[in-house]
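Dear colleague,

Please find the structure below, together with its sequence. My notes on the arrangement of its strands and helices follow.

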Amino acid sequence: MTLQTDNLLIKQNVLVIPFLRCFSIRNSLTIICLLLSTGLFAQQQNNKPNLPQEYELGGISISGVQYLDQDILKTYTGLSIGQKITLPGEDVGKAISALWKQGLFADISVHIDKIIGSTLFLDFHLTERPRLAAFSFKGVSKGDADDLSKKVNLIKGKVLTDNLVLNAEQAIQFFYEDKGFSGVKIKTTQKKDSTLRNSVSLTFEITKGKKIKIDEVIFVGNVAVSGGHLERLMKETKERFRIRPVTHKDFENLKHATPKSIIAAVYNTTALGLYDELRDRFRLKIFSASKFNKEQFNDDKQKVIDYYNTKGFRDAQIIKDSVYKNETGNLVVKLWVDEGLPYYFRSIFWKGNTKYPDKTLAQILAIKRGDIYDKNVLDARLNMNQNGNDVSSLYMDDGYLFFQITPAEVAVENDSIDM
């Protein structure tokens, strides 16, 4: 019996028939060539499936590559000469997976080169991925293209993998989302480059979409601090420039107002309330951006909490937030605040002080019973105040270089804290 495999004639005159097998990968790492077998053994078994058979690996060859070192590629397979392998079995599949993980190939196939007795010779046919010759951007300004060139982290001459292209597209996406654009679309095309062998040029065609701005920042649940003040704390999450015009409802309200009611309203309006009313009607933020950035938004929320803490509201928290589009397509940022109760210092005790009495330390600390509980002030007056007037400096200036002081809350009752 004669079998034709990869241009090699194998004469069969024994019961042990070699397996003809082809493994192939195309992009999705799928084995597309199945086990083929023929011979006297199969015929004698009434066409029953062949059982796994063990071979000794006699040699590995690499074909199809132009730029990569064949000896290194052989080591990537994890196979070694003299190794016992089983067909069908997992050994060849693992070798294919190991090569694929290198990210260097667009196609991998494995063929039986020849079989001599029980010795098997395999050929790995590899199709190299192209290398990057150049890249460009369409649909954007020259300034943006220059900035994107630094962001995408593409290097000419590098092997062009799917992951490399995906990372570049994500970098473009983040670049425009950071600028406040929504619905950014990127179409990436590859074109063979004639200047270098096995190379391509990339073109990123970008549609930025609409630039979305923040119309309103709304706080709910705040009583001790006005919404206008909290919004000013959010340095990066800002409302856009706008003027709310006088409406028919405003005229209706004025129609029923009397001089006496107007004077009373003005008299009873605090400066802060008047500011918030003007702020609600006029957003004069000409030179400030009003884009939304998730990371900066989280930082701004922490600034709000930090401010509450300086006012004694140590339990203050933002219990939830919502970012949604209004009827104009712009954003509304809404935050629900739980202020909690303000806390105050009550009694302050000192322990471990033998060099300086309580009175001296209390004078430097300068926190009295009934002062608002502000942990930042406490920390500054205990450790490394900018003006040098703190307890740590007092000891260190006197040679106590390893001095330490640890504040501890020993009692919290209602709105009062003992330290």
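**Strand pairings and helix contacts**

Tyr 344 stands opposite Ser 416 in β21. This pair belongs to the pairing of β19 with strand β21 (residues 416–418), in which two bridges join strands that run parallel. Please note that the model is a predicted one.

β19 and β21 are part of an open sheet of three strands, whose order is β19-β21-β20 and whose pairing is mixed. At its edges are β19 (344–345) and β20 (411–413), each of which pairs on one side only.

A further open sheet is formed by three strands in the order β14-β18-β17, and its pairing is likewise mixed. Here the edge strands are β14 (214–220) and β17 (317–325), each pairing on one side only. From one strand to the next, the twist averages 15°. Within this sheet, β17 and strand β18 (residues 331–338) are paired in the antiparallel sense over eight bridges. Val 323 has Val 333 of β18 as its bridge partner.

Helix α10 (residues 294–310) lies across β14, β17 and β18, and runs at about 145° to β17.

Strand β5 (residues 53–63) has two pairings to report. With strand β6 (residues 84–87) it is joined by four bridges, and these strands run antiparallel; in this pairing, Tyr 55 stands opposite Ile 85 of β6. With strand β8 (residues 119–128), β5 is joined by seven bridges, and the two run parallel. The bridge partner of Leu 57 in β8 is Leu 120.

Finally, I turn to a pair of helices. How do the axes of helix α2 (residues 70–77) and helix α3 (residues 91–100) cross, and at roughly what angle? They come within 7 Å of each other and cross at roughly 125°. On the α2 side, the contact is made by Leu 73, Tyr 76 and Thr 77, and on the α3 side by Ala 95, Ala 98 and Leu 99. Of the residues in this contact, five are nonpolar, one is polar and none is charged.

With kind regards

Notes. Residues are numbered from 1 along each chain as its sequence is written. This is a predicted model: local features need pLDDT of at least 70, side-chain atom pairs count only at pLDDT 80 or more; totals for chains, interfaces and linings use all residues. Side-chain values use heavy atoms; hydrogens and water are left out. Axes are lines fitted to C-alpha atoms, for helices over the stretch in contact, and angles run from 0 to 180 degrees between N-to-C directions. Contact means heavy atoms within 4.5 Å. Ala, Val, Leu, Ile, Met, Phe, Trp, Tyr, Cys and Pro count as nonpolar, Asp, Glu, Lys and Arg as charged, and the others, Gly among them, as polar. Two strands pair if DSSP finds at least two bridges between them.
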